[in-house]
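The entries below follow the order of my reading.

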Amino acid sequence: MNAHDSEKVIGTLMAQGYAQVATPEDARLVLYNTCSIRDKAEQKVFNRLQNFKREAGKGKIFGVLGCVAQQEGEKIFDRAPHVSLVAGSASYTRLGEMLVQLEAGNRRVTGLSLDTDETFDTPFTRRDNPHRAYITIIEGCDKHCAYCVVPFTRGPERSRTSQSVMAEAGRLAAAGYTEIQLLGQNVNSYRDPSAAGWDFAELLARVAEVPGIRRVRYTTSHPRDFGKSIVEAMDGNHAICDHVHLPVQSGSTRMLAAMDRLYTRDDYMRRIEWIKAARRRYAITTDIIVGFPGETEEDFAETLNLLDEVQYASLFSFKYSPRPNTAALDRGDRIPDEEKQRRLIILQEKQRAIQIRQNAALIGDIQEVLVEGRHQALGQWIGRTSDNRTLNFTHQDSGNTGDLNGRYLSVRVTRSGPNSLVGESVTVV
Ligand code: 5AD
Ligand code: SF4
């Protein structure tokens, strides 16, 4: 989400006549796009600002964008007086106007209002990847998970119209992109604000029908809003990738209630069953937080046995980190860091064993990959499967196949590890 915001900001700047330079040292305007989801993000931003200013900051204009900007607001000007622009993502629709103010010599330009019903649609986006493109379908979040800063930094939920999403998908396909990733804090609560009134399942199905688009992914889902119609849409079109990322956060219903997640473990498992009963086999991945205030050894054991039950293909795991403004903040940070670290390691080791087993069972399979790069030293191409695994492979070419990046090839899996697969292509190029 954050990376795609940067792509849109760069696009907006370029449309206004700015040019991107190779290094920050070469720039006259330096913008930091920040994330504050966990840890001491604020501290890191101030350290970077200070160091860079000392080394190469002479005569440059500095701006801080994103969630730290939204969270710290005008305090940033006090702590880093050389900063001239502070703007959160809900204000980016005004970015063009803010840049004009900066150019006019204004040294305190802010965009901090969260009071918006607009999304940051840009006529031009400078995309980092030539084959896969992000499309934001919904911004902000109306859930209030007790640990999460997002509703305070990205503001309330706003969906884009289906026409504007479909037009962007069509333009991307025409420009040669073959994979689209639909983005939002909670894509499942997408609701088309125009008369068509599509829900997320409908939008997903329609994007997958755009000619030229071979893969559609989406992130992130919220179990409460993840309806069965999404699984039906996925089953209905192979272009929708064989992967569901469904963050659970904890396997303990007691902890889920403390986190205000609005579902129980049973509710979550019902969704897992829909996915497992589907016509295709889907890889399921998740996010987990350990050490949320009040998490007992028994709660943590429930999270561990959830891993056995679901058999995730991979997961992201985090130590709880108290965030400003959130409901959990005044419950303190009661679990010592060493204990959080211990739980994190146990969790990750358990998951590693699951992945070793799961990946080994794929040896011999033939999978389609999108080629994403090359490991020169290993003599391997880097591929990604529809179910989001990395499958590196060798390719016996007839001598002059050249660059395979962006191609779709069939690859036989020959070896496996905890985090990736190795294989050889069976496509004749
Ligand atoms: N502490 C730790 N992890 C967090 N996440 C969000 N907020 C916090 C926090 N305060 C994690 C959740 C979420 C992912 C994007 O980041 O697991 O799904
Ligand atoms: Fe944060 Fe919860 Fe919204 Fe996800 S659903 S962005 S965890 S508040």
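Entry 1. I looked up which elements contribute to the lining of the second largest pocket in this predicted model. Helix 1 (2-15), strand 1 (29-34) and helix 2 (41-56) each supply at least two residues of that lining.

Entry 2. I then turned to the volume of the second largest pocket, which is about 700 Å³. Of the 24 residues that line this pocket, Gln 20, Ala 27, Leu 29, Val 30 and Leu 31 are the closest to its centre.

Entry 3. I recorded a volume of about 40 Å³ for the largest cavity. Its lining consists of His 4, Lys 8, Phe 120, Asp 121, Thr 122, Thr 125, Arg 127, Arg 160 and Glu 168. By class, I find 1 nonpolar, 3 polar and 5 charged residues in the lining of the largest cavity.

Entry 4. I recorded a volume of about 30 Å³ for the second largest cavity. The residues that line this second largest cavity are Met 1, Asp 5, Lys 8, Ser 89, Tyr 92, Phe 120, Glu 139 and Arg 154. Its lining has 3 nonpolar, 1 polar and 4 charged residues.

Entry 5. I compared the two cavity linings and found Lys 8 and Phe 120 in both.

Technical notes:
Residues numbered from 1 in each chain as written. Chains lettered and ligands numbered in written order. Predicted model: local features only at pLDDT ≥ 70, side-chain atom pairs only at ≥ 80, totals over all residues. Heavy atoms only, no water. 1 Å grid on protein atoms, 1.4 Å probe; cavity = no way out; pocket = protein on both sides within 12 Å on 5 of 7 lines; lining within 4 Å. Points joined across faces, edges and corners; volume = space filled by probe spheres on them. Nonpolar A, V, L, I, M, F, W, Y, C, P; charged D, E, K, R; others polar. Helix = DSSP H or I, 4+ residues; strand = E, 2+ residues; numbered from the N terminus.
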